[in-house]
Amino acid sequence: MAAQPHSWATKAGIGWGALVFWLFMATLPLIGFVWDDPSFDYWMFMGQSMLIYAIAVLGLNLLTGFNGQISLGHGAFFALGAYIAAILMNDAGWPYWATLPAAAVVCFGAGFLFGFPALKLEGHYLALATFSLAIAVPQLLKHKAITHWTGGVSGLVLEKPDPPFGVPLSPDQFLYYFCLGVAALLFWAAFNLLRGRTGLGLMAIRDHAMAAATMGIDTALYKTIAFGISALFTGVAGALSAITVAYVAPDSFTLQLSVYFLVGLVVGGLSSLPGCIIGGVFLVLVQNTAQSISNWAKGTFALAYDVPPWAIYGVVLLLLMYLLPTGVAGGITRLRVWVARRLAPPVPRASEPAVIQRQTTEAD
Amino acid sequence: MAAILEVEKLSAYYGHIRALYEVDFSIEEGGVTALLGANGAGKTTTLRAICNMVRRTGTTRLAGQDITRRSTEDIVRMRVAHVPEGRGTFTGLTVEENLKLAFHTRRDRAAANRDLDLVFDLFPRLAERLRQQAGTLSGGEQQMLAIGRALMLGPRLMLLDEPSFGLAPLVVQEIFSILRRINEREKVSMLIVEQNAAMALDLADHVYLLETGRVVTSGPSSLVQNDAALRRAYLGY
Amino acid sequence: MEFFIQQIAAGLTSGAIYACVALGLVMIFVSTDHINFAQGEMAMFSTYLAWALIQAGIPYWVAFGLTIVFSFFGGLLIQRVILKPLETAPVLSLVVCFIALLSIFNAIAGMVWSYTVKQFPSPFPAGSMIAGGLVSQHQIGVVAVTMIMLGILTVFFRYTTLGLAMRAAAQNPASARLMGVRVSWMLALGWGLAASIGAVAGMLVAPIVFLDPGMMAGILIYGFAAALVGGIGNPGGAVAGGFIVGVLENLVGTYLIGNELKLTLALILVVCVLTLKPAGLFGRVTVKRV
């Protein structure tokens, strides 16, 4: 996939769309003050989940979309971040907000380390290695040697944090703002990273690693750092999830989770920052409407069984690969290009080159 | 003097970009035709278009039969052998396997084995390296292997894309003399795309000059060889 | 000492399973140059089909044969219908596709046959043959079937023209077309064969680990490890790799780290082989010019 010059890379700021979006997101919890419904807290929770997934997908996107390294194992970093947060809060009594930097550092380290063997792997093989990682993680988490910390199969139950003293928000509203703040910070960091030399280096490596190397880019360094940063982002999302869900258990972090992130990435669009948000929204939507989709499918196709969500994800993935491989964000970009082409003035025809017409008849 | 290949109004596209503009030409049966021109003129594209490897419009006829809509594999099975740019070697297979792959499409085993003997006769170096992995051969040897593979298809028409590319002059001479042998003794018609105009003009009877996707001139090779102005303008010497 | 030999024997027998799975993976790789992440789930699905046939009263070997045929055409169809349109797509699209197939097969199996564990019959007589009850008849049967399949595949790929055409189509589709090979059909054939091999693997595994939708996930990773250790382009290597991995797993599990970290061991194996010796023990390194 060739790198398209992103319009935001050349602009000075982040663009109006992004600004509007974040402001809009910031105003959503305020609805709670006028709408007094018990389900509002659940909507806040959905908002938190959406932001968490968006961050996780952003992490994956940095590695796969912008740097071309395929990972089927990001659930592992998510799990690592979640457990770090849970253990620090549970065992060491850390305040919830302090667990984020800790998770960030540990996950960066883990990702960076995994990046070394990953240097030698490409395409299918890297996918295979990360696939193995994803499958190994739940079993590893259940191992007896660390049950003391991890709570083994039953996991750890945590306490949901209260808003700081004096803030007139419900716990869910507050957590929403917390997630929003972290998300905004991380997206801003990613934006800056990608806009600068590092970002160009990452994308150059994705498009043609050998050419990038001949241009003086230290591909090994960039690729391992990309892994580290990517793991950092997804790890922080994991930590956030431990805080908001207030529970971690090994079976929440199976291969399925890594597949979810992949789905979010592909739906939203590779190498697209807004795509990560779209991916997050999609994941939360499907999770919540899985039952209704299943009923609809059962009715429409006259099935005898309930359609499990995993089948839906699989079908969505396939359809996207055929119809919209660049995801929703890519689709929107293509639409804009198509419209622009229609509206643009016609390109003047290049004049015919001077042609020497000397058709001689064969005398052989 | 029947035409083995006739191409009418051939246009070819890479995505939205047009590479050929309604090119017309034909190749006589038993003859050698050269397609010359500078880089980017559309020579390789022409060969690819004949084999339907790129999106194209226009008509292609092989010995009178319309092959415009046929797939690449089918055209090859009609005994058109294309020696592609870059040789197209199966680097993971041995030399022997590269050659014997043709047995998959040849029905007449006896004829195929005769062709194998011919290949070893023309290229003794390949016979020496039968069990060697093809990716480890030198450029010249890989070119010989590519021509050998083409011969194994028992072709009546050979399309060669820059057979001299990246090869030392002595090796080029050797290969071109072998091509002459193939054309004269085995009666294989040839269409050669070349940047090395001098060697191609020596071998070919007829020449087409391409520039930015259009035929700008055509004629017997002797005429082009003797026209200094033309040579300087389009061939650089 | 006897305990040690027991462990080796146990390793060899589980190794036979890994070898069988690895064969299917190698099949796909050799014929399409891809790594099929859905191989395990396809095998599991085929095994459920066999189970359904047997439940319907069809005798074992007939069901076995029918399942192999169904799987062959199923694999062929998957390649023609689902993968062919993505022939020129980038690697990530293909990987996503395989993951999608994995999800769909797993979900449908769970949906149609539920997640309760089922028993699957073995065609081999119960009881053990080797002295001391080390190895059951079934396990010997597994080894035998695996070796037979290996033999057939090796002969096919190395000595037949069709096998050569398939390898050529996988390695260099463009050049293969220029040699008259119908590349699309070669790929489809490869998938059909791989699906059949997978079905056999599933039907051999199920009597041991019992039939449920999650049956193949862990085994698949070991299959990958085996294929990599042996050299992913090499059927003989895959089988050897399977036995090596099986023995290793047992020895490490018994003497070193205990049996709960099997998947982690597989992961470490996969990563180590991929980074240190990607061609595996018996594979050939292919020279690729820039």
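## Report on a predicted three-chain model

In strand E2 of chain B, the bridge partner of Val7(B) is Phe25(B). Helices (H or I, at least four residues) and strands (E, at least two) are DSSP runs numbered from the N terminus. The structure is a predicted model, in which local features need pLDDT of at least 70, side-chain atom pairs count only at pLDDT 80 or more, and totals for chains, interfaces and linings use all residues. Residues are numbered from 1 along each chain as its sequence is written, while chains are lettered from A and ligands numbered from 1 in the order in which they are written.

**Sheets of chain B**

Strand E1 (residues 3–14) of chain B is joined to E2(B) by 8 bridges, and the two run antiparallel. Two strands count as paired if DSSP finds at least two bridges between them. An open antiparallel sheet of 4 strands has the order E2-E1-E4-E5 in chain B. Strands E2 (17–28) and E5 (65–66) of chain B are at its edges, each with a single partner strand, so one side of each has no neighbour in the sheet. Helix H1 (residues 43–50) of chain B lies across E1, E2 and strand E4 (55–62) of that chain, at about 70 degrees to E2(B). Such angles run from 0 to 180 degrees between N-to-C directions, with axes fitted to C-alpha atoms, for helices over the stretch in contact.

Elsewhere in chain B, strand E6 (residues 80–83) pairs with strand E7 (residues 157–161) in the parallel sense over 4 bridges. Within this pairing, Leu159(B) of E7(B) is the bridge partner of His82(B). Val80(B) and His82(B) point one way from E6(B), Ala81(B) and Val83(B) point the other way, and all are buried. A residue is buried if 20 or more other C-beta atoms, placed from the backbone, lie within 10 Å of its own, exposed if 12 or fewer, and partly exposed in between.

**Contacts between chains**

Two residues are in contact if their C-beta atoms, placed from the backbone, lie within 7 Å.

Helix H6 (residues 161–171) of chain C has buried residues including Leu164(C), Met166(C) and Arg167(C). The buried residues of H6(C) pack against H3 of chain B together with helices H1 (2–32), H5 (137–159), H7 (173–177) and H8 (183–209) of chain C.

**Core and a buried threonine**

The largest nonpolar core has 290 residues; Ile55(A), Val236(A) and Leu23(C) are among those with the most contacts inside it. A nonpolar core is a set of buried Ala, Val, Leu, Ile, Met, Phe, Trp, Tyr and Cys residues joined through C-beta atoms within 7 Å. H8(C) gives the most to this core, with 17 residues. Beyond neighbours within four places in sequence, the contacts of Leu23(C) include Met149(C), Ile197(C) and Pro235(C).

Thr244(A) is found in helix H12 (residues 219–245) of chain A. This threonine, Thr244(A), counts as buried because 24 C-beta neighbours lie inside 10 Å. Leaving aside neighbours within four places in sequence, Thr244(A) is in contact with Phe45(A), Gln48(A), Ile52(A), Leu175(A) and Cys179(A).
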